[in-house]
Amino acid sequence: MFQLAVISDEVSQDLDTVIEFAQRFRLAGIEVRSLWDKGPFDFSPADVEKIRRKTAEAGLAVPCIGSPFFKCDIGDEAAAAAHLEGLKRCIDAALALGAPLIRGFSFWKKGNLPLAAVAERFAPVVPLLESAGLTLVLEPDPAVNTPNGRALAQLLGLIGSPRVAALWDPGNIIFDDAGECPYPDGYEAVKPYLRHMHLKDARRVDGAAQAVAVGTGEVDMAGQFARLLADGYSGWVSLETHYRLARTISEESMRLPSGSGFSEGGYAASADCLAHFYRLLEREVPGALPQAPPKG
């Protein structure tokens with residue numbers, strides 16, 4: 001049975017508020033992205049210790065460090081080097097927090113770069129992960145070189161290491177112009193590599209995709225979670241709404257989510273998403289909820 005978490009800055013930049021939200025909705029963990037207007041590359045040892053202490057006191061796990069690793073230009077060697085240093089800091093944070101996973105990407109998409117060239121850039125990454133006993137989970141994203149499940153599976157096959165696996169986000173696929181069906185097509189492609197999931201929904205309006213409350217968009221959430229249940233998926237699913245009740249998050253903020261501006265309105269939107277999601281599972285996928293939803 002999968003476990004539910006929420007990405008920190010989809011609720012607030014304040015850790016206590018994120019913890020209160022997780023407890024209110026009976027979540028089991030918090031995926032750490034930005035907090036206190038700092039991203040994972042910038043957390044100090046004191047920041048990491050504060051996260052460790054407060055989540056432990058609340059009985060919450062930290063399943064993943066939501067880093068922006070390799071969301072940079074593949075030809076910018078200085079940026080790539082800085083991201084490798086950032087990954088090392090994320091590895092230290094993950095080890096301190098007991099997080100087995102770190103999120104990553106496949107460089108900004110510019111032209112039709114062969115995926116073999118992208119795979120080569122992960123050669124120095126794998127030994128770092130092996131030494132730490134951690135896994136980097138790559139997320140499909142329309143802004144990077146793996147915009148859908150099929151492309152992500154191809155890249156992971158080329159990298160060829162169990163330390164670099166898949167983070168499946170079916171909602172992201174709606175933003176990709178290639179038109180892949182998130183479930184079942186995208187899921188079937190990444191399933192052999194699946195280690196982590198994000199929960200997001202979206203729909204296209206006048207040709208443009210926008211995030212919506214989970215279960216109200218184009219992703220077949222009932223089919224996806226029924227299949228997860230049937231497949232015995234026992235990993236984490238982290239809520240990542242990218243949706244707000246009173247505003248639309250800018251494309252720039254969605255490309256690199258972080259900070260107070262991004263988090264504004266996130267608590268209410270995340271609560272709305274979970275209410276929709278819990279009702280959908282109770283109605284259409286009996287037995288899929290990993291814990292009882294809150295009452296009222």
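In the hairpin of S8 and S9, two residues lie between the strands, and Asp206 adopts a positive phi near 55°. Strands here are DSSP runs of E with at least two residues, helices are runs of H or I with at least four, and both are numbered from the N terminus. The model is predicted, and local features therefore require pLDDT of at least 70 and side-chain atom pairs pLDDT 80 or more, whereas totals for chains, interfaces and linings use all residues. Residues are numbered from 1 along each chain as its sequence is written, and side-chain values use heavy atoms, with hydrogens and water left out. Strand S8 (residues 201–205) pairs with strand S9 (residues 208–212) in the antiparallel sense over five bridges, pairing being assigned if DSSP finds at least two bridges between two strands. Within this pair, Arg204 is placed opposite Ala209 of S9.

An open sheet is formed by eight strands with parallel pairing, in the order S2-S1-S10-S7-S6-S5-S4-S3. The edge positions are held by strand S2 (29–31) and strand S3 (64–69); each has a single partner strand, so one side of each lacks a neighbour in the sheet. From one strand to the next, the twist averages 35°; axes are lines fitted to C-alpha atoms, for helices over the stretch in contact, and angles between N-to-C directions run from 0 to 180 degrees. Strand S6 (residues 164–168) runs parallel to strand S7 (residues 194–199), the two being joined by three bridges, and Leu167 has His196 in S7 as its bridge partner.

Helix H8 (residues 182–190) lies across S6 and S7 and runs at about 170° to S6. H9 also packs on the sheet, where S6, S7 and strand S10 (236–239) are touched, and its direction makes about 150° with that of S7; contact denotes heavy atoms within 4.5 Å. In helix H9 (residues 221–231), the buried residues include Met221, Ala222, Gly223, Gln224, Phe225 and Leu228. Buried denotes under 20% relative accessible area, exposed over 50%, and partly exposed the range in between (1.4 Å probe, protein chains only). Gly232, which follows H9, has a positive phi near 70°.

Most residues other than glycine have a negative phi, and most peptide bonds are trans. Phe107, in the loop between strand S4 (101–104) and helix H4 (115–120), has a positive phi near 70° and is buried at 0% relative accessibility. His242, in the loop between S10 and H10, has a positive phi near 55° and is likewise buried, with a relative accessible area of 8%. A cis peptide bond with omega of about 15° links Tyr183 to Pro184, the latter being located in helix H8.

Pockets were identified on a 1 Å grid over the protein atoms alone, as open sets of points where a 1.4 Å probe fits, with protein on both sides within 12 Å along at least five of seven lines; lining residues have an atom within 4 Å of a point. The largest pocket contains about 430 Å³ of space. Its lining comprises 22 residues, of which Asp141, Pro142, Phe175, Glu251 and Met254 lie nearest the centre. S9 and helix H10 (251–255) are the elements that give two or more residues to this lining, and H10 provides the largest share, three residues. The second largest pocket holds about 220 Å³. Of its 16 lining residues, Pro40, Pro68, Leu256, Pro257 and Ser258 are the closest to the centre.

Key: Grid points are joined across faces, edges and corners, and a volume is the space filled by probe spheres set on the points.
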